[in-house]
Amino acid sequence: MTKRVLLIEDDVQMQGLIVEYLERYGFSTRAFSEPKEALDALLVQKIPFDIVILDLMLPTMDGFDVAKAIKAQKDIPIIISSARGDIGNKIYGYELGVDDYIAKPYEPRELILRM
């Protein structure tokens with residue numbers, strides 16, 4: 001069964017690289033640059049996803065706020081993928097209930113293994 005990934009990443013180049021890599025490994029990936037559109041797809045339209053990969057620095061909404069909104073309504077794994085790799089951000093993410101935190105830059109294979 002194909003795993004469905006919700007990718008929330010506003011850097012279009014990075015988004016394309018992640019989608020390409022995930023699909024190479026058999027993941028079905030739907031990517032959003034705008035966090036409110038991604039939340040609508042997951043929480044309102046109820047599109048079934050198996051995991052969320054979430055950037056923190058997003059337009060119109062902080063990634064931590066996105067994680068809070070998701071965790072308030074869904075029990076779905078979240079991996080934060082962010083350039084904000086300091087320990088304070090990591091701890092805060094884990095306190096919010098995210099399942100993993102990977103600091104950019106990273107090898108795409110590492111993301112696959114963490115998933």
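Predicted model: local features only at pLDDT ≥ 70, side-chain atom pairs only at ≥ 80, totals over all residues.
## The cores

Start with the largest nonpolar core, which has 24 residues. The members that touch the most others are Leu6, Ile8, Leu42, Val52, Leu54, Val66 and Ile70. Two or more residues come from each of strand E1 (4–8), helix H2 (35–44), strand E3 (51–54), helix H3 (63–73) and strand E4 (78–82). H2 is the top contributor, giving five residues. There is also a second, separate core of 14 residues, with Val5, Val19, Tyr21 and Phe27 among them. As background, nonpolar side chains tend to be buried together in soluble globular proteins.

Setting aside neighbours within four places in sequence, leucine 42 is in contact with Leu6, Ile47, Phe49, Val52, Ile70, Lys74 and Ile76.

## Helix H2 up close

Which residues of H2 are buried? They are Pro35, Ala38, Leu39, Ala41, Leu42 and Leu43. These buried residues pack against E1, strand E2 (28–32), E3 and H3. For reading a list like that, remember that an α-helix has 3.6 residues a turn, so residues three or four places apart point the same way.

At the start of H2, glutamate 34 puts a side-chain oxygen within 3.2 Å of the backbone nitrogen of lysine 36. Just after H2, lysine 46 has a positive phi of about 55 degrees.

## The largest pocket

The largest pocket holds about 160 Å³ of space. Its lining is made up of Met14, Leu17, Ile18, Glu20, Tyr21, Leu22, Arg24, Tyr106, Pro108 and Leu111. Helix H1 (12–24) and helix H5 (108–114) are the elements that give two or more residues to that lining, and H1 gives the most, with seven.

## A buried aspartate

Is aspartate 55 buried or exposed? With a relative accessible area of 4%, aspartate 55 falls under the 20% cut-off, so it counts as buried.

The side chain of aspartate 55 makes a polar contact with the side chain of lysine 104, at 3.4 Å. Not counting residues up to four places away in sequence, aspartate 55 touches Ile8, Glu9, Asp10, Gly63, Ser81, Ser82 and Lys104. Ile8 in that list is also one of the residues that touch the most other members of the largest core.

How values were computed:
Residues numbered from 1 in each chain as written. Heavy atoms only, no water. Core = buried A, V, L, I, M, F, W, Y, C linked by side-chain atoms within 4.5 Å. Buried < 20%, exposed > 50% of the residue type's maximum accessible area, 1.4 Å probe, protein only. Helix = DSSP H or I, 4+ residues; strand = E, 2+ residues; numbered from the N terminus. Contact = heavy atoms within 4.5 Å. Polar contact = N/O pair within 3.5 Å; in protein donor to acceptor, adjacent residues only side chain to side chain. 1 Å grid on protein atoms, 1.4 Å probe; cavity = no way out; pocket = protein on both sides within 12 Å on 5 of 7 lines; lining within 4 Å. Points joined across faces, edges and corners; volume = space filled by probe spheres on them.
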